[in-house]
Structure formats: C-alpha cells, structure tokens
Amino acid sequence: MAETLYSAKPIAASQVGGVRSRWWQKPAGKDTLIFYACISPWIVGFLVFTLGPMLASIYFSMTSWDLINPPKFVALRNFSRLFTKDPLFLKSLWVTTYYTLGSVPLGLIVGLLIALLMNARVKGMTVFRTIYYLPSVVSGVAVALLWQWVFNPQMGVINGILWLFKIHGPGWIYDENWVIPSFIIMSLWGVGGSMIIYLASLQGVPTDLYEAASIDGADSKRRFFSITIPMITPVLFFNLIMGLIGSFQVFTQGLVMTSGGPNNASLFFVLYLYRNAFQYFKMGYAAAMAWVLFIIIMVLTLLVFRSSSWWVYYESEVKGR
Amino acid sequence: MATSSDMVASSRAEMARLSYAEGRKRAAKRRRLLGRALIYVVLVAGAVLFMIPFAWMVSTSLKTKAEAMLLPIRWIPSHFIWSNYVNALFGPVKFVVFYKNSLIVVLTDLLGDVFVCALVGYAFARIPAPGRNVLFLLVLSTMMLPEQVLLVPTYVLYKYLHWIDRLYGLIVPNLLAGSAFYIFLFRQFFQTIHLELDDSARIDGCGRLGIFRHIILPLSRPVMVTVAILSFFGHWNSFLWPVILLKSEQNYTVAIGLRFFQSFMTESANLPLLMAASIAALLPCVIMFFVSQRYFVQGIVFTGIK
C-alpha cells in the first residue's frame, strides 16, 4: 500500500510524457539511489575503518612486523608461538578467564538480587535506583584511579574500615593472590547497568500469572522459581552475553591501577595485546592475539546462544505453538 | 429451625472463626511489615556500601595532604581545602586543554551517532532497495567484532594518514555511522512508527528525505535521547583508542590527561589533588546522568529489552 501510493505519481507522469524513463528516474530506481545515498556514510566507514583493517589484520597476524622494517611473512607461526612458547600469553588468558568466572556470575546474581529487592514496591525506589545505578555510568580512568586508592593497603577505605574492627586487611591489588578478587569486587560496583534491565523485566511480568499461581496454592518460593525466573530468562541471557564480551575486553583498570602487576597477576588479555603492539612493537604478534580474542568471544557467544534453547523462555514461542 | 442455644453456639463459633481470621490477617500484616523493614535495611546497607567510594573521594579531595593519610578515616575534613580543585585543574597540567579536546571529540561524535546513524537506520527501515537485507546483516555482524581486532591495522592506517597524535582518528569513524549498535536501535525504533504517517506526508508532497526530516525524526525523540546519552558516556569515558593515538600533552582528552596527571602526582603522592582531578573528570558524566535520568532509565530499558 505504502509503496504503491508513492510510486503511482511518477509512473503516470512518464506515461503521459510518452518518454521511456531511465532506471533512476523510475520510482524503484529512485528509491535505490536514495537508499544508497543515505547509507553511503556507513559504506565508506565500513570499507575504510572496518573491512579494510580487518583484512589487513588477517595478513598482519601472519607476519612479523615492527612498523619500521617491511613485514616478514611467517604463516601461522605467531599463533603456534602464542600457545607453545609464550608463558605470559597463557598467563593473560588465565587471568582474564579467572576474572570472567568471578565477575560475570557474581554480577548476574548481585544485579538480580538488588533488582528483586527494589521490585518489592518500596517507597523511595527512585532514590535507591539512582544510588545503585550511578556507579555504572561513571567509568574509565577516574574510577580506576578512585579504586586504586580504595584498595590501598595503608590509606584505603576498605582497610581503613577493617582497621576499625581490628582486622588487618590484605594487600588487595598489591597482592598477587588478591588482585583479581579485588577487580571482581570493583566490577560489582558497576552492576547497576544490568540491575536496571532486570528491574524493567521484573516489572514486565504480568501480575495475573502470580495471582493464578497463588490460587493454585503456590508459595512464594515456588512462584519465584516457576514464574519470575523463567519470565526473566531472556534478560538473564542478554546480561550474560554482554557480561562475557565485556569482561574479556577489560583493559583500563589493568593499565591504570596495576599495570599488569604484581608479578603479572593482573595481566589482562587486552593489556598484553596492547603491550605487544604499542610497547614492544610486535604488530604481527598483537594482530594474532586479537584474532584469538575474536575467536574466544565468538565461541563463548555461540555456546551461550546454543544453550539458550533449553534455558531461555520466550513467551512468543509458546504462544506461536 | 434452630433453637436459641444452637444460635448462641453457632454465633460463638462464628466469632471464634472471625477472631482467628483477624489474628491471621494481623500476623500476615506483621510479617509483611517485618519483611518490608528487612528489605529497607538491606537496601540502605547496600546503598551505603555503593556510596562509600564516592564519599571517600569527595572527602579526600577537600583534605590536606597530611590529613588524607590519617587513620581512622576522617569523613569530614577539619578544613575544607577548596583550593585543591584550583591547584589540580589549573596547576602544572593543563586540564582546560584536555576539556576542550574532550568536548570537541564527544560533541562531534554525538552528532555523528545521533544524526548519521539515524539516517542510515531510516534507510534500512523504510527505503526499499536491492541488497538492503544483506547490507543490514553486514551491519549487525560488525557488532560482533571486538574493537581490539581493529587496533593494530587502524593504527597503521592512521600512521599513513598522519592521524597519529591527532583527534581525527577519534572523530571521523564516528561521523561515518561507526556504531552498528546505534544504527540497529534507530532502525528498530523507526519500524514501530506507523506507515500511514509516511503515506499522508507523501500525499502532501514529501519525498523520502522530507519524511525523515518532518515525520520520523520528530517522532523519535526517545531513541535519539537514548543514543545521545549512550554516545556521550561512551566517548567521554573512552580510553583504549585515545591512549594509543594521542602522544603529546596538548592533544590529550580528559581521560588521558588524568592518567598523565596521575604519573605526574606519584612522586609527590598528593592524593587530594588526584581525587579533585578525578572528580572533575567524572563530573560531566554525573551531571549528564542527573539531567537525563528520566530518559536514561527508560532508554537503557529500551536498549536492553529490545
């Protein structure tokens, strides 16, 4: 309907004129022209800043290159060296995995718990929402600097408060064993983003489901696990994917707060990539690392997507049956 | 027919039942109140925990260097040293220049993210053309590419373009609809706008671009505000690209300048100045958050669920 309305006039005009119009004067051709004109910024950007660099990166990953001398082709040797001859790479992989295993599940649970508390229709919800949400909008260097001092063993807030209770706190980010747990705690401070999404989802659960369940004799525990949780699984799924992708790309904290230390215990994957590229100028090696990161993120995302069919509940699917 | 004694007995039973029900109701109410109180206690405790780092930051920024190191922590400084802010921002490190650079980058990126992405999103939502669906799939697939993959080759590209230590590298890709996510958001939103509106505009003689300008954009305030806010936060806090590209002090953005300031401060360990500078660096985000809070929450929800 919409398209015919639009196209009716020009066709009529060309017929009246009796002249055969060129393709770009026909309505469909004109649309095509306008379409490509509209998306031309994206096409240029995509070719120059995404596709081109991507293809170049595939090539770079198979070279040895220091930016000064011409690149030397080494086939897949960068990749084999990463996994067999580079203990620091394996360490960075482990550090990032450890961080992910801690921060992602904890972030999911804590975010959900706060959202559940706030969904109890309490007064002053907007104030609480602001307080819990605010930390997640400020991020980057200022927050990293703040937390560097929050974790300071001598003057920091945490040990300062523990000191009041006569507890001698650990060395936090200055202690090899505590540095990743410290980063995980810090990541929980930014849990507000996922909390807001849970909260919206919780408020979207139809109340008649709860009413029906109550009439059927379901207690609050049963209602929570049989209604609330299934109804918010799409949002759990979304937060899980975002959390996984984000935590594998952690960089700022590692560079600003610990620069990978102590003893490389916080050498995150992207931090090591950055060092290889812009401190050691091993461009080819860094490009290879980037592709490993890409594959890791791809595989994780695909696994979560695959698994979603048996734990994510989509209302529309059931309705469609 | 019931006798009087029967009636007395039944009414007594009735009363007992009533008072029992009343009692149960009261107990349930008490339990609800208790539960509500518990929820409040937990929420308040959590809120205090979440606010402690901020409170410590503000309080430290107003202390003297010596007082900042005292234990137990003095939450209210004995003297408020407001000059810390002046010394941090107008001292040896030129934060004014960093703010100028950040504003240039953030505002132009914002224009790109809001208007160029909207135009691209509009084309994908409304204008029929061969190859449209394939291209849209391509847009979506770029969302999956981690930016680290582009780090090395883009650096090389910028080297050839002589964009190292320039702000161009932070601006130009974003003016070319660099964010697939925003394109996606716009397209999804535009698809919810009724086609009848387009039709009536067409009858009034509007072309494709006229419809975009006069019908679609005015109806898309929510999504535009959402994208503007996300874009602002994203670019203000951006660190990875600036830290790679910007080499000289006069080109630093606030994020990089703050890191520079930190390395400047470690020798003197002047914690109050460092915290003052950090607060100044995240203040624009906090202000932006409070100004836009109404839209923001709604926007986040919108982007998260859709």
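Hi everyone, let's start at one residue. Leaving aside neighbours within four places in sequence, B:C117 is in contact with B:A177, B:S179, B:Y182, B:I183, B:F186 and B:V227. Here, contact means that the C-beta atoms of two residues, placed from the backbone, lie within 7 Å.

A quick word on what we are looking at. This is a predicted model, where local features need pLDDT of at least 70 and side-chain atom pairs count only at pLDDT 80 or more, while totals for chains, interfaces and linings use all residues. Residues are numbered from 1 along each chain as its sequence is written, and chains are lettered from A and ligands numbered from 1 in the order in which they are written.

Back to B:C117. What is the largest nonpolar core made of? It has 155 residues, and B:C117 is listed with A:A290, B:V120, B:Y122 and B:F186 as having the most contacts inside it. A nonpolar core is a set of buried Ala, Val, Leu, Ile, Met, Phe, Trp, Tyr and Cys residues joined through C-beta atoms within 7 Å. Buried means that 20 or more other C-beta atoms lie within 10 Å of a residue's own, with exposed at 12 or fewer and partly exposed in between, again using C-beta atoms placed from the backbone. Helix α3 of chain B, residues 95-126, gives the most to this core, with 15 residues.

Now for helix α7 of chain B, residues 180-191. Its 12 residues reach 17 Å from first C-alpha to last, close to the 16 Å expected at 1.5 Å a residue; that expected span is 1.5 Å times one less than the number of residues. Among the buried residues of α7(B) are B:Y182, B:I183, B:F186 and B:R187.

Let's zoom out. Chain B has 13 helices and zero strands, where helices (H or I, at least four residues) and strands (E, at least two) are DSSP runs numbered from the N terminus. Buried residues make up 39% of the 306 residues in chain B.

And the partner chain? The contact takes 73 residues from chain B and 73 residues from chain A. Helix α13 of chain B, residues 271-305, gives the most to chain B's side, with 14 residues. By class, that side has 57 nonpolar, 10 polar and six charged residues. Ala, Val, Leu, Ile, Met, Phe, Trp, Tyr, Cys and Pro count as nonpolar, Asp, Glu, Lys and Arg as charged, and the others, Gly among them, as polar.
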